[in-house]
Each structure stands twice: as C-alpha cells, then as structure tokens.
Amino acid sequence: MTTPILLIDDDERLAEMLTAYLGEAGYAVTAAHTGKAGMALAENGRWALILLDLMLPDADGLDLCRALRGGSAGAVPILMLTARGDAMDRVLGLEIGADDYLAKPFEPRELRARIKAVLRRGRGTEGGLGVLRFGRLEIDRDARQLRVDGDVREVTGYQFDLLVAMAQHSGRVLSREQLLDLVKGEPLDAFDRSIDVHVSRLRAAIEDNPKAPRRIITLRGAGYVFARKQDEEMP
Amino acid sequence: MKRACGPLADDLSGRRHHRHSVLRRRLFAQIYVVVVGSVLLLSFLVGLSSHFFGDRAHSPLLPVLAALIVSVAAWPVSRRLTRRLERLKSAVEALGEGDLAARADVRGNDEVATLAASFNRSAERIAALLAGHRRLLANASHELRSPLTRLRMGLELLAEKVTIPDAQKQGLYRDIRELDQLVEEILLASRLDTPELPLERQPVDLAGLLAEECARLDAECIAVPLEAAGDPRLLRRLMRNLLENARRHGGGEVDAELIDAGEEIVLDIRDRGPGIPAGEAARLFEPFYRPAGAGEGRGGWGLGLSLVRQIAERHGGTVACLTRAGGGSIFRVRLPKASIQSG
C-alpha cells in the first residue's frame with residue numbers, strides 16, 4: 001500500500017527526483033507546480049501529507065498554507081520546504097499551521113525521516129499540551145513520554161518534569177535553586193546535589209554521549225543550560 | 001531603532017546640535033563677509049575714482065556711508081542664502097544617516113537649486129539601488145539553493161543506482177554543504193552591510209548561548225550569567241564562527257570566557273595555535289582573507305571572521321585578535337551594554 005503525498009513545488013526537476021526518491025520508500029507523490037494547481041489538487045483528493053514549497057511563482061507559500069488549513073484539506077499535515085533558513089520564518093511556518101519545516105538544500109534521508117515522523121504524529125494535538133521538539137528529541141507532554149528518533153526513553157516522573165522545566169527555558173542558564181523552584185513536588189535540598197543525580201540520569205537517557213553532553217550542558221559555577229539548537233548544522 | 005536613547009544619546013545629540021550651530025554661524029559669517037566685502041570694495045573704487053577725476057561734489061565720506069547701507073541691506077540676503085544651503089545640507093546628512101526618503105527643496109533657479117536637484121537625482125538612484133539589493137537578497141537565496149537541492153537529491157538517487165566509493169560520496173556531500181554555507185554567508189554579509197535592513201532585538205542569555213556553542217565544539221567555557229538585547233541568531237553565529245576558527249586554526253586547546261566589564265561585555269576566545277603575526281592580525285577580518293602560505297586544503301578561509309566583525313559592529317562593538325602570552329591567540333569581542341540595549 002502506498003501513502004499519497006501531494007508535492008507543491010515549482011522546481012519541476014526537483015519534483016521529478018522527489019517523486020522517484022520517495023516512490024522507493026512507498027510514497028505515491030503527485031506534483032503540482034503552481035499554488036493554484038496545488039490548491040485544486042489538495043481540495044479534490046485524499047492526501048496523507050502535503051509537501052509545500054515556500055516560494056511559488058503565483059503564490060506565497062505562507063498564504064497557501066493558511067488557505068489549505070482553512071479548506072477541506074485542513075486536517076492533512078503540512079511539511080514546509082523552503083530555501084529560507086531564518087528562525088523567524090521557521091517559527092512563522094509552524095504558527096500558521098505547518099507541522100514541520102525543512103530548509104533547502106536538505107539531506108534526502110532527513111526528508112524521509114521527517115515525513116515519517118509527521119505521518120506518525122498526524123494532526124490533532126490541539127487542546128493538549130503538545131510536543132516540544134529539539135532536533136531528534138521529542139518531549140511529549142500529553143503522553144509524558146521522551147523520544148529520541150522515535151524510540152521511547154525511560155525516565156521517572158520527577159525527571160520528566162525537570163526536563164520539561166528546562167526545555168521551557170531552553171537557551172537560558174538555570175541555577176539549581178531556579179530549577180528546584182520550577183519543579184515543585186519532591187522536596188529537595190539545593191545543596192545535597194540530588195538535582196545533579198537527576199540530571200545525569202536524564203543525560204543517560206537522551207544524550208548520544210552522556211560524557212560529552214550536547215542537550216543538557218553544565219555551566220560551572222552557574223547551573224545548567226538546556227540547548228536551544230540541538231542536532232542542527234546551522235543556527 | 002537607529003537612534004540611541006538615554007544620557008549617552010542626549011549627550012550625542014547635544015554635541016551634534018552644538019556643532020551644527022557653530023557651522024551655521026561660520027557659514028553665515030563667510031557669506032556675509034563676501035557680500036559686504038565685495039560691495040565695500042566696489043564703493044571704495046568708485047570713491048577713489050571720483051576723488052582722482054575731480055568730481056569735487058562728492059564727499060569722501062560718501063563711500064563709507066554707502067558701505068554702511070549696503071552692509072545692513074546685505075544681512076537678509078546672506079541670511080536667506082545661508083538658510084537654503086543649510087536646508088540642503090540637512091537633507092544630505094539625513095540621507096547619509098539612512099533616511100532614504102530625504103530630498104532637498106528645489107526652489108529658484110540659481111546654483112543652490114541646481115545643486116539641490118542633482119542631489120535629489122542621486123538620492124533617487126541610491127533608493128532604487130537599495131530596493132534592488134533587497135529584492136536580490138530575497139530571491140538569491142531561493143535561486144541559489146534550488147540547484148543545490150537538486151544536486152544533493154540527484155547524488156542520492158545516483159548512489160542508489162551505481163556504487164560510488166564512500167569517501168568520494170562523503171566528499172561530494174561535504175562540497176555541497178560548503179557551497180550552501182557560503183551562499184548563506186554571502187547573503188548574510190550582504191544583509192549586514194545594509195544598515196537599512198534592521199536587526200532583530202530581543203533579550204539574549206549570552207552565558208547560555210556561549211555554553212551551548214562551547215559544548216558543541218568541546219571547548220572549555222567560563223561565563224557569568226549575562227543578558228543583553230541583540231539578534232540571537234547573529235550572536236550565536238558570532239560565537240560559533242570564532243570557536244570554529246579557533247578549532248580549525250588554533251590547535252586542540254580552545255576555551256572561551258564571558259566577562260562582565262561594567263559598561264561593556266567582553267568575550268574572549270583563546271587558543272594555543274601558531275598565533276598570528278602582528279601585521280596580519282587586522283587583515284584577518286577581511287572577507288576571504290588568507291594568511292600568506294596557507295593552503296586551499298585547510299579550508300575555512302571564507303567569510304567567517306569578517307562576519308564576526310560585521311556582527312560585532314552592528315551591535316555597536318568591536319573585535320580584535322591579540323597575541324596570547326605563552327603562545328596562541330585571543331580573539332576579543334567587546335560589546336557595549338548600552339548600545340546593545342537600545343540600538
């Protein structure tokens with residue numbers, strides 16, 4: 001059984017390659033080269049996923065994304081493709097209803113992995129707390145589950161709350177006292193270093209190499225930093 | 001956005017105002033002296049000629065009297081001319097400071113009006129060039145990356161059909177990544193070179209950012225918690241470029257320190273590499289600069305450090321390469337707290 005994907009991209013040669021490449025992975029790609037044609041196909045077909053380029057000759061990808069969300073294909077997940085790597089656009093892309101975002105030129109394997117991830121998640125996290133994503137790490141606050149590359153990693157409830165608190169303040173230095181304030185519950189003494197023990201358990205669960213952590217970083221004399229950019233080549 | 005606020009800015013604008021009024025007075029005095037002087041000279045010549053050619057009816061005091069009248073009459077004339085030049089000058093200055101809509105008032109048909117008109121034509125051209133530049137930036141990213149995406153995709157498809165030795169394949173992947181990065185850097189350099197394209201300004205936890213970038217490259221990090229307003233992406237790139245540069249050219253031992261130095265923030269990236277000869281330290285921050293004797297193979301002689309300088313300067317700061325005691329280099333970035341906070 002093949003999964004139907006609609007590709008809206010004006011680059012015809014790339015569309016051809018993507019059709020072949022994704023075809024081998026079991027996806028049936030239909031390509032549209034203009035926003036208008038893409039919109040018509042989206043409305044009149046059944047799709048598992050829409051791959052949408054941000055820059056189209058006749059339409060702005062962001063507007064199109066908004067229109068798709070409002071139309072009858074509103075429940076189909078959208079993965080945006082774009083040459084713009086700006087963080088601004090990245091946020092914007094997700095705010096207006098795209099489910100994920102990939103900057104050109106992308107690694108073909110990464111595209112395949114993202115498609116898989118988006119399809120697995122599907123749409124409909126609305127109402128819940130949602131999933132915090134940092135590169136390959138997913139913190140699913142509804143299922144209270146940690147995943148790296150889709151594999152579930154086991155931690156205790158307190159450690160999960162600690163990680164959520166850190167993730168919500170990603171990129172900022174948090175002292176042990178601040179962390180204790182953020183994670184209420186288990187009464188801990190800031191001086192007994194038990195927080196360090198929890199951090200090292202978390203590292204064992206989510207770091208590729210817990211000895212050289214990339215996600216939870218120690219800043220000597222100050223506390224911990226949960227990295228904002230993880231598993232990424234460029235800022 | 002562009003104008004700083006606070007006591008520093010007040011002081012600046014006060015000084016600027018003072019300088020203006022001095023210039024204005026001097027200009028006025030010059031015009032006045034020229035007008036009055038020429039009339040005086042003329043009337044003196046007339047008086048002299050009448051004295052010698054015997055028209056006794058003229059009193060010798062008459063030229064002096066005429067000069068007095070003329071000097072009073074010249075006052076408003078000089079004043080008017082001064083004002084028009086002054087207006088033209090403020091239009092030129094406004095354009096120089098980035099107000100692209102600034103135009104001079106074209107009135108009358110003397111030299112001042114001609115000058116104003118030709119200034120306006122130049123301003124039009126500059127505005128058109130910048131608009132084109134902005135369009136280029138928006139489209140170049142897309143146009144340059146489309147073929148790169150196809151190249152990357154095509155390579156993947158090809159590798160599935162024929163066997164390409166892994167080393168060669170990885171090399172090709174690396175080349176495509178390098179090209180992509182260069183595109184990104186050139187576009188960013190171009191954007192930073194255009195003061196009319198504003199920077200994003202938001203609170204950035206500099207210590208957190210540095211800790212994250214150091215962890216990425218396994219560099220030692222010493223930092224006090226320090227927050228500043230700036231463009232988080234650009235500040236991250238500044239740190240990353242310096243750290244990558246130290247890793248690439250500065251040997252294995254790299255460390256970074258963030259220091260709160262009162263009025264300013266100091267960021268030091270230190271290495272134990274071969275060091276940079278004093279004469280080349282300043283040129284290091286030029287685009288595509290390559291030290292004498294450095295080969296192509298080592299790579300990384302691109303825009304990295306010149307971007308660091310551009311980013312530091314857009315945040316009102318500086319960057320310098322210093323010699324480190326005991327061998328190696330220190331790259332020191334200084335960012336003023338005040339200008340980061342207000343832009």
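Helices (H or I, at least four residues) and strands (E, at least two) are DSSP runs, numbered from the N terminus. This is a predicted model, in which local features need pLDDT of at least 70 and side-chain atom pairs count only at pLDDT 80 or more, while totals for chains, interfaces and linings use all residues. Residues are numbered from 1 along each chain as its sequence is written, chains are lettered from A and ligands numbered from 1 in the order in which they are written, and side-chain values use heavy atoms, with hydrogens and water left out.

**View 1. Chain B in overview.** Chain B holds eight helices and seven strands. Of its 343 residues, 40% are buried (under 20% relative accessible area; exposed is over 50%, partly exposed in between, with a 1.4 Å probe and protein chains only). The accessible surface of chain B is about 19,100 Å², and carbon and sulfur atoms supply 61% of that area. Accessible areas come from the Shrake-Rupley method with a 1.4 Å probe; for residues, only the protein chains shown count as cover. Among contacts in chain B with a separation of 6 or more, 67% link residues 24 or more positions apart (contact means heavy atoms within 4.5 Å).

**View 2. A nonpolar patch that includes B:Leu48.** B:Leu48 sits in helix H1 (residues 7-52) of chain B. Its relative accessible area is 34%, so B:Leu48 counts as partly exposed. B:Leu41, B:Phe44, B:Leu45, B:Leu48 and B:Phe52 together make a nonpolar surface patch of about 540 Å². Patches are made of residues with over 30% relative accessible area and no salt bridge; like charges are joined within 9 Å, nonpolar side chains (Val, Leu, Ile, Met, Phe, Trp, Tyr) within 5 Å. A salt bridge is a side-chain nitrogen of Lys or Arg within 4 Å of a carboxyl oxygen of Asp or Glu.

**View 3. The five-stranded sheet of chain B.** The sheet is open and mixed, with the order S2-S4-S5-S7-S6. Two strands pair if DSSP finds at least two bridges between them. Strand S2 (220-223) and strand S6 (318-323) of chain B are the edges, each pairing on one side only. From one strand to the next, the twist averages 15°. S6(B) and strand S7 (residues 329-336) of chain B run antiparallel, joined by six bridges. B:Val319 has B:Val333 in S7(B) as its bridge partner. Helix H6 (residues 232-249) of chain B lies across strand S4 (254-261), strand S5 (264-271) and S7, at about 25° to S5(B). Axes are lines fitted to C-alpha atoms, for helices over the stretch in contact, and angles run from 0 to 180 degrees between N-to-C directions.

**View 4. The three-stranded sheet of chain A.** This open sheet has the order S10-S12-S11 and antiparallel pairing. Strand S10 (173-174) and strand S11 (216-219) of chain A each have a single partner strand, so one side of each lacks a neighbour in the sheet. Four bridges pair S11(A) with strand S12 (residues 223-226) of chain A. There, A:Thr218 stands opposite A:Tyr224. Helix H6 (residues 157-168) of chain A packs on the sheet, touching S10, S11 and S12, at about 70° to S12(A).

**View 5. A:Phe226 and its surroundings.** A:Phe226 belongs to strand S12 of chain A. At 2% relative accessibility, A:Phe226 is buried. Its contacts include A:Phe134, A:Leu163, A:Met166 and, from chain B, B:Glu212. A:Val173 lies 53 residues away in sequence, with 7.8 Å from C-alpha to C-alpha.

Notes:
Lists of a residue's contacts leave out its neighbours within four places in sequence.
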